[in-house]
Amino acid sequence: MTEASTIHIVGGGLAGSEAAWQIAEAGHRAVIHEMRPLRRTEAHQTEGLAELVCSNSFRSDDPNGNAVGLLHQEMRTLGSLIMRAGDAHQVPAGGALAVDRDGFSEAVTAALGAHPNVEIRREAIDDLPPESWGPTIVATGPLTAPGLAEAIRGLTGAESLAFFDAIAPIVHRDSIDMGKAWFQSRYDKAGPGGTGADYINCPLDREQYDAFIAALIAGEKTGFKEWEASTPYFDGCLPIEVMAERGPETLRHGPMKPVGLTNPHNPTVKACAIVQLRQDNALGTLYNMVGFQTKLRHAEQVRIFRTIPGLENAEFARLGGLHRNTYLDSPRLLDATLRLRARPALRFAGQITGCEGYVESAAVGLMAGRFAVAEAEGRPLAPLPQTTALGALIAHITGGHVEAADEGAPRSFQPMNVNFGLFPPLDRMPRNETGRRLRGPEKAALKKRALTDRARADLAAWIGGDAPRAAAE
């Protein structure tokens, strides 16, 4: 048994919570430094660890046809606390894994608070962690305190990059007119905890849709401060009105697409566009507007969103908002185990590394914790195969798009959700049972299955060479 080490974690979000859990479960001491409730942020509303500040969805839970579903599976295999709590507090969401945000956060907080190897300190860290702490994981997320961000910039000599992340509104279920709206998942697809009728759907005809788009574009938006003016958006979380400005048909081919849905109130008429709302809590009393993150002023949100059929009398439990995210130029600043090259005692995890999404953030935290444990125990940790979802994500962060395509252009490293585009190509394309080459949807489905089968086999081999100590004893 290796002597236990103390590893500090700055930040109690999804990444910090997962890193602490991996460290504690391996028999080492994890000290979490979380500034809430002593200091609030623009996005957080509670003092709970792993609070979900935007959507309540962990996205697809399909491990055979979706990269994030595969990531879910890999994290479960490696004993993820975030996935355990998510599974325990799931709410219906079609083929996605969505969670009751309060129950989820409470479960993570309780698990860490009860663990004998975890200490939670409620304090703000406004500078670089002192060297006397030794190994430290910085998992402060997209809302890193300005003082700490400045200290990191001073240490690395590099400017942090930034983008905006917007929050979608949440509606009280009993204020939705179900005489116009209806329950259905797209293509009636059932997912974890779901029935195939998990979304509330609000249909718009062409006239209503065109008026809605015009209102979005004309609506009064929140202003920018001087330091925010040149900050780009992340394409995976664009405000609804920014998407509308890209073209009048953008939304009906995006979050408002009407495919796979039939209005039981008027089954012979195809809607021009459909707004979907997804259950946000276990009681089923709150529903969030899917894809409706926004920077519209609050009064404008109420006025414009109440023009949607079924939401004329909507009561909002929370309106949309906007906050700035910061992330490192990780391929230049971090090594393959997420250590800061300028000060190897510091590791980084979560969204600050340039991943995007709840699950991705937690996944990087999981690996940061495992890297820290391996280092503390003085044993080598084989690199994750890039053929796995975890390995592909870490490879993007630590060796991703470093150089610009054109000289003088900005570097291309940007926040990224896990996706099959990050995986190495297959050695050979799959064929059907007769040996015939495939085309179209059948080819795409078999390719994804081949990628996920390869990932599972390679992760099993990696675990076999790096069995967690707790499992080996």
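**Entry 1: helix α11**

I began with helix α11 and found that its buried residues pack against α2 (67-77), α9 (330-333) and α10. Contact here means heavy atoms within 4.5 Å. Buried means under 20% relative accessible area, exposed means over 50%, and partly exposed lies in between, with a 1.4 Å probe and protein chains only.

I noted how the model was treated. It is a predicted model, where local features need pLDDT of at least 70 and side-chain atom pairs count only at pLDDT 80 or more, while totals for chains, interfaces and linings use all residues. Residues are numbered from 1 along each chain as its sequence is written, and side-chain values use heavy atoms, with hydrogens and water left out.

Back to α11, which covers residues 389-399. Nine of its 11 residues are buried, so the helix is largely enclosed by the rest of the structure. I listed the buried ones: A389, L390, G391, A392, L393, I394, H396, I397 and T398.

**Entry 2: the whole chain**

I counted elements next. The protein chain has 13 helices and 17 strands. Helices (H or I, at least four residues) and strands (E, at least two) are DSSP runs, numbered from the N terminus. The chain has 473 residues, and 55% of them count as buried. I also looked at contacts with a separation of 6 or more: residues 24 or more positions apart account for 71% of them.

**Entry 3: the six-stranded sheet**

In what order do the strands of the open sheet of six stand? I read β6-β2-β1-β7-β17-β16, with mixed pairing. β6 (118-122) and β16 (339-340) are at the edges, and each has a single partner strand, so one side of each lacks a neighbour in the sheet. Two strands pair if DSSP finds at least two bridges between them.

I followed one pair. β1 (residues 6-10) and β2 (residues 29-34) run parallel and are joined by five bridges. H8 has V31 in β2 as its bridge partner.

Helix α10 (residues 358-376) packs on this sheet. It touches β1, β7 (136-138), β16 and β17 (343-348). The directions of α10 and β17 make an angle of about 150°. Axes are lines fitted to C-alpha atoms, for helices over the stretch in contact, and angles run from 0 to 180 degrees between N-to-C directions.

I checked the UniProt record. Its unreviewed entry places the feature "binding site" at G11, G12, G13, L14, A15 and G16. Such annotations may be inferred rather than shown by experiment.

I picked two of these residues. G11 sits in the loop between β1 and α1 (14-25). Is G11 buried or exposed? At 8% relative accessibility, G11 counts as buried. Not counting residues up to four places away in sequence, G11 touches G16, I32, H33, E34 and A139.

A15 belongs to helix α1. A15 is buried too, with a relative accessible area of 3%. With neighbours within four places in sequence left aside, A15 contacts A139, A349, G350, S361, A362 and G365.

**Entry 4: α1 against α10**

I looked at how these two helices meet. α1 and α10 pack at about 35°, and their axes are 7 Å apart.

Which residues make the contact? From α1 I noted L14, A15, E18, A19, Q22 and I23. From α10 I noted Y358, S361, A362, G365, L366, G369, R370 and V373. By class, the contact has eight nonpolar, four polar and two charged residues. Ala, Val, Leu, Ile, Met, Phe, Trp, Tyr, Cys and Pro count as nonpolar, Asp, Glu, Lys and Arg as charged, and the others, Gly among them, as polar.

**Entry 5: strand β12 and its partners**

I turned to β12 (residues 273-279). Seven of its seven residues are buried. β12 pairs with β11 (residues 199-204) in the antiparallel sense over six bridges. N201 stands opposite Q276 in β12.

β12 also runs antiparallel to β13 (residues 286-289), joined by three bridges. Here R278 is opposite N288. The hairpin of β12 and β13 has six residues between the strands, and G284 takes a positive phi near 75°.

On β13, L286 and N288 point one way, Y287 and M289 the other, and all are buried. β9 (residues 170-172) joins β13 through three antiparallel bridges. There, H172 has L286 as its bridge partner.

**Entry 6: A214**

Last, I looked up A214 in helix α6 (residues 206-218). A214 is partly exposed, at 44% relative accessible area. Its C-alpha atom is 8.5 Å from that of P248, which is 34 residues apart along the chain.
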